[in-house]
Amino acid sequence: MRARRGIIVVLILVMIAILSLVAASQLFIAQSDVAAASAQRQGSQARAAAMSGIHRAMSLLLEMPDDPDARHDNPDVFRHQLVCGQDDKDGWYFTVFCDDLSEGGTIRFGLEDEAGKININIAGKAVLMNLPAVTDAMADCLLDYRGAPGNHPNGAKQDYYDQLPKPYQIKNGPLATLEELLLVKGFTGTVVFGEDANRNGFLEPNENDADASFPPDDADGQLNRGLRCLATAVSYEYNLTNAGQPRVNITKGDANSLKSQLSGRNLPDGLPDFLAAARQQNLAILDPSALLGMKLDVADPKNPNNKTQISSPVTAENLPAVLDQLTTGGFPYNGQEVLFGRVNINVAPKAALMALPGVSEEIAQRIIDLRGQLQPDERTTIAWLYAQNVVSADVFKQVAPLLTARSKQFRLRSYGYSMVSGRFCYLEAIIDIAEGRPRISYLRDLTRLGMPFAPSLAAGQQ
Ligand SMILES: [Ca+2]
Ligand SMILES: [Ca+2]
Ligand SMILES: [Ca+2]
């Protein structure tokens with residue numbers, strides 16, 4: 001009897017032990033659920049904070065689409081901005097930034113103009129080869145990859161890609177993103193992204209230790225940023241005047257219809273007659289800049305053997321109106337015309353300017369020095385490049401077809417964070433304002449690259 005009672009006591013004790021174990025583990029599960037929910041909430045808050053940075057950039061572009069100074073480095077709008085909460089203890093912040101390409105620069109608090117870069121879908125071989133680390137063979141491979149016409153002796157056709165361990169089709173068309181360059185033979189991660197593995201604009205120890213750790217680098221104490229800040233796949237604009245009117249195509253229609261289209265366009269006296277005469281002769285004018293100093297032999301209608309020479313009335317003074325109003329055509333799109341990949345002379349960094357034909361380092365530097373002194377209305381066309389004697393008429397005519405004075409797409413990185421939790425979100429976006437209203441045309445989560453920099457640096461506390 002006593003033995004039975006003893007067994008019952010032991011059984012009861014075992015049951016109690018099991019029940020308390022179950023209770024403890026339930027409690028543990030409940031606690032982990034709370035922790036997971038909190039982490040998830042903080043992750044969503046970090047993402048919401050980073051998205052707020054992108055939306056701040058969109059509203060600035062809506063208000064000031066044509067003010068490069070307002071968007072390029074504006075810490076009051078983009079640096080350590082409180083999104084929700086009260087202060088450093090419970091607040092969520094964003095910082096919007098991009099690379100500062102000036103000598104010794106790290107980051108600036110603003111946006112990058114995609115039109116300030118060389119467009120990899122438009123650039124010819126010579127321009128591509130002027131980009132850092134792009135060889136003759138790499139330029140040929142890119143031309144082959146995008147299906148550019150012509151013979152590219154050092155390129156790679158589909159058969160090369162068919163023999164890769166994981167074969168893929170080449171695009172035979174424009175690349176959608178800069179990252180797509182990584183699919184082109186020769187364009188390695190180092191060429192495209194340089195040494196900046198975490199894409200934060202700062203040189204970290206692993207980015208300056210040669211091959212001791214990823215990424216590969218040259219340990220020279222300088223951050224090579226690769227093509228990322230100099231090349232783009234997404235720059236375009238509608239072929240419109242600054243007032244938003246379609247430009248007049250001087251290579252289309254007969255002489256009379258051209259003349260009637262040109263009336264009321266505020267063009268120099270005599271230019272409609274000159275263009276009508278050129279049209280009558282079916283003269284190929286490749287770009288409105290060609291009208292600078294152009295001469296034309298015109299036959300006397302009564303005596304066709306008697307020819308007189310007429311001169312284009314386009315000069316440095318009236319060049320802005322000529323370039324704003326006239327075109328030699330764009331790419332048809334949605335019932336309008338689009339110009340792809342023109343480089344914005346008002347914002348392009350030095351290395352992008354130097355990739356253009358006829359632009360030496362000295363000229364690139366002069367462009368940069370001078371554009372900071374121009375009035376906003378002088379920057380509305382590219383005419384200042386010639387009117388201010390930065391380049392000769394010959395160089396201007398060579399380079400003008402590749403240039404614009406506008407930007408319509410902007411790249412930025414937005415970092416959302418709290419000062420205490422250690423949670424963060426790191427996004428990269430492209431905002432497109434070509435249609436007027438800003439829209440996000442590209443969004444990529446870079447959070448896996450790690451924290452771009454400590455929140456205290458964004459806050460200016462170190
Ligand atoms: Ca870095
Ligand atoms: Ca390294
Ligand atoms: Ca280096």
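Student: What share of the 462 residues of the chain counts as buried, and what makes a residue buried?

Tutor: In this chain, 35% of the 462 residues count as buried. A residue is buried if 20 or more other C-beta atoms, placed from the backbone, lie within 10 Å of its own, exposed if 12 or fewer do, and partly exposed in between. This is a predicted model, in which local features need pLDDT of at least 70 and side-chain atom pairs count only at pLDDT 80 or more, while totals for chains, interfaces and linings use all residues. Residues are numbered from 1 along each chain as its sequence is written, and chains are lettered from A and ligands numbered from 1 in the order in which they are written.

Student: How do you know whether Leu 111 is buried or exposed?

Tutor: Leu 111 has 28 C-beta neighbours inside 10 Å; the cut-off is 20 or more, so Leu 111 counts as buried. Leu 111 is placed in the loop between strand 3 (107-108) and strand 4 (112-113). Leaving out residues up to four places away in sequence, Leu 111 touches Ala 57, Arg 71, Cys 98, Phe 410, Arg 411 and Leu 412; to touch, or be in contact, is to have C-beta atoms within 7 Å.

Student: What class does Met 51 fall into, buried, exposed or partly exposed?

Tutor: Met 51 has 19 other C-beta atoms within 10 Å. That count falls in between the two cut-offs, so Met 51 is partly exposed. Met 51 belongs to helix 1 (residues 2-63).

Student: What makes a set of residues a nonpolar core, and which residues touch the most other members of the largest one?

Tutor: The set must consist of buried Ala, Val, Leu, Ile, Met, Phe, Trp, Tyr and Cys residues joined through C-beta atoms within 7 Å. The largest nonpolar core holds 95 residues, and Ile 118, Leu 142 and Val 343 touch the most other members. Not counting residues up to four places away in sequence, the contacts of Val 343 include Ile 118, Leu 356 and Leu 402.

Student: How do you know where the buried residues of helix 9 lie around the helix?

Tutor: The buried residues of helix 9 (residues 271-280) are Leu 271, Pro 272, Phe 274, Leu 275, Ala 278 and Arg 279. Seen down the axis, these residues fall within an arc of 160°, so they line one face of the helix; the arc is that of the directions from the helix axis to the C-beta atoms. They pack against helix 8 (255-262), strand 9 (295-299) and strand 10 (307-311).

Student: What kind of peptide bond joins Phe 214 and Pro 215?

Tutor: The bond between Phe 214 and Pro 215 is cis, with omega about 0°. Pro 215 lies in the loop between helix 7 (189-193) and strand 6 (231-232).

Student: How do you know whether Thr 327 is buried or exposed?

Tutor: Thr 327 has 21 C-beta neighbours inside 10 Å, so Thr 327 counts as buried. Thr 327 is located in strand 11 (residues 326-327). Among the residues that Thr 327 touches, not counting those up to four places away in sequence, are Asn 239, Arg 247 and Pro 288.

Conventions. Contact = placed C-beta atoms within 7 Å. Helix = DSSP H or I, 4+ residues; strand = E, 2+ residues; numbered from the N terminus.
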